[in-house]
Amino acid sequence: MTFPSPALDRRQLIEMMILAGGAAAFAGPAWAETPRPDAHRDDWRWLVGNWDVWHRRLKERLAGSDDWAEFGGKSACWLTLGGLGTIDDNILDLPGGEYRGFGIRAFDPATRQWAIWWVDGRNPTHIEPPVVGRFDGDEGVFTGRDTFNGKDIAVRFRWHEVHSARPNWDQGFSADGGATWEINWRNYFTRTAATPTPLPKLPDSPSAPNARDFDFLAGSWKVAHRRLKRRLAGNGEWIDFDGTFVNWPVLGGRGNVGDNVMNFPDAPFRGVGVRALDPATGEWLSWWLDGRSPAAIAPPVRGGFKDGTGTFIGDDSFEGRPIKTRVLWSRITATSARWEQAFSADGGASWETNWISDFARVV
């Protein structure tokens with residue numbers, strides 16, 4: 001949900017009238033106000049690379065406080081989905097100790113808006129509700145809802161001067177439905193590299209013995225895919241196609257993100273896989289963001305590795321019916337790996353393998 005400013009500018013007014021079917025009220029043709037999704041591939045290109053970040057954050061939020069903490073940090077940002085998505089990994093040198101987290105962004109052509117999700121490294125089993133919005137020149141506004149200290153609140157992210165030498169961001173909370181906002185966090189970015197490189201990994205720890213499980217997947221790959229033409233339909237006809245895959249570590253290596261290009265016949269598409277280690281259980285969670293429906297992230301599969309094979313299972317839906325999904329990682333070497341997906345319509349009693357992907361390392 002978005003929370004419009006009390007004073008709408010002309011651009012916002014035009015967009016609202018177009019969405020309400022009022023484009024005919026203006027002299028220009030309707031297509032002039034409806035840019036192609038490709039026009040948004042550069043929306044976040046200015047953020048690609050590595051950055052030093054200076055933070056200023058209220059010590060107590062929504063408490064009438066004016067006591068601020070200041071600290072440093074680092075950020076690294078990559079494009080995904082051919083420019084219609086990004087991943088940014090972050091280190092924050094909080095006064096109480098180092099903190100890790102990363103953001104996921106995706107553009108929805110249906111609404112012409114970006115969704116931004118956040119994964120907190122202290123609780124990486126949960127992807128926070130998104131804020132949604134867009135850019136107007138060098139300024140971007142993104143709003144949504146969340147909870148804070150058990151209360152429902154509105155959340156607002158704003159980016160300022162994004163094409164300047166020092167882009168900056170602020171976060172605001174509202175406890176009155178967007179009528180008033182408390183700005184509780186400001187970030188100022190200074191570029192250190194135009195080409196992104198991963199942030200330093202966390203050291204090995206007895207409390208996270210499985211943190212290196214997905215180290216094998218980092219890098220660039222060619223992929224040979226085979227997928228059943230029809231799934232859960234007793235079908236035995238397979239479709240073969242190729243693709244590419246690029247994977248980066250996040251959360252100090254206790255998470256990773258993979259950008260996929262799948263050259264499906266007559267309908268190529270992109271998607272992003274997101275993985276994070278649950279420190280409480282030692283299991284990994286894996287989510288999927290489909291570039292064809294980028295407004296939502298699919299429910300995760302969960303599991304781990306044993307004897308060189310990774311098994312991950314979760315609940316999902318397919319063609320409107322509940323199913324279980326199983327993902328297997330196997331045949332893992334320094335230069336190859338296999339991924340398999342299976343569906344079960346009977347609660348896991350039986351499985352139909354419907355997708356097999358063989359990975360060959362490029363870099």
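Start by selecting Arg112: at 12% relative accessibility, this residue counts as buried, where buried means under 20% relative accessible area, exposed over 50%, and partly exposed in between, with a 1.4 Å probe and protein chains only. Arg112 sits in the loop between β4 (97–108) and β5 (113–120); strands (E, at least two residues) and helices (H or I, at least four) are DSSP runs numbered from the N terminus. Check the backbone here too, as the phi of Arg112 is near 60°, a positive value in a residue other than glycine. Most residues other than glycine have a negative phi.

Before going further, note that this is a predicted model, in which local features need pLDDT of at least 70, side-chain atom pairs count only at pLDDT 80 or more, and totals for chains, interfaces and linings use all residues. Residues are numbered from 1 along each chain as its sequence is written, and side-chain values use heavy atoms, with hydrogens and water left out.

Now colour by pLDDT, the predictor's confidence in each residue from 0 to 100. The chain has a mean of 91, and 90% of its residues reach 70 or more. Residues 1–33 have a pLDDT below 50, and beyond near neighbours in sequence this stretch has 30 contacts in the model, a contact being heavy atoms within 4.5 Å.

Next, select Leu232, in the loop between β11 (219–228) and β12 (238–250). Is Leu232 buried or exposed? With a relative accessible area of 19%, Leu232 is buried. Its phi is near 50°, again positive in a residue other than glycine.

- Strand β6 (residues 131–136) pairs with strand β7 (residues 139–148) in the antiparallel sense over 5 bridges; strands count as paired if DSSP finds at least two bridges between them. Asp136 has Glu139 in β7 as its bridge partner. The β6–β7 hairpin has 2 residues between its strands, and Gly137 in the turn has a positive phi of about 70°.
- β7 also pairs with strand β8 (residues 151–160), antiparallel over 9 bridges. Here Phe142 is bridged to Phe157 in β8. This hairpin too has 2 residues between its strands, and Asn149 in its turn has a positive phi of about 50°.

For a strand residue, pick Ser330 in β18 (residues 321–330). Ser330 counts as buried at 12% relative accessibility. Leaving out residues up to four places away in sequence, Ser330 touches Gly308, Thr309, Ala337, Arg338 and Glu340.

On a 1 Å grid over the protein atoms alone, a cavity is a set of points where a 1.4 Å probe fits but cannot get out, and lining residues have an atom within 4 Å of a point. How many cavities of 30 Å³ or more does the structure hold? There are 2 of them, a volume being the space filled by probe spheres set on the points, which are joined across faces, edges and corners.

Select its lining residues, among them Leu202, Asp204, Arg212 and Arg254.

Definitions and conventions: On a 1 Å grid over the protein atoms alone, a cavity is a set of points where a 1.4 Å probe fits but cannot get out, and a pocket is an open set with protein on both sides within 12 Å along at least five of seven lines; lining residues have an atom within 4 Å of a point.
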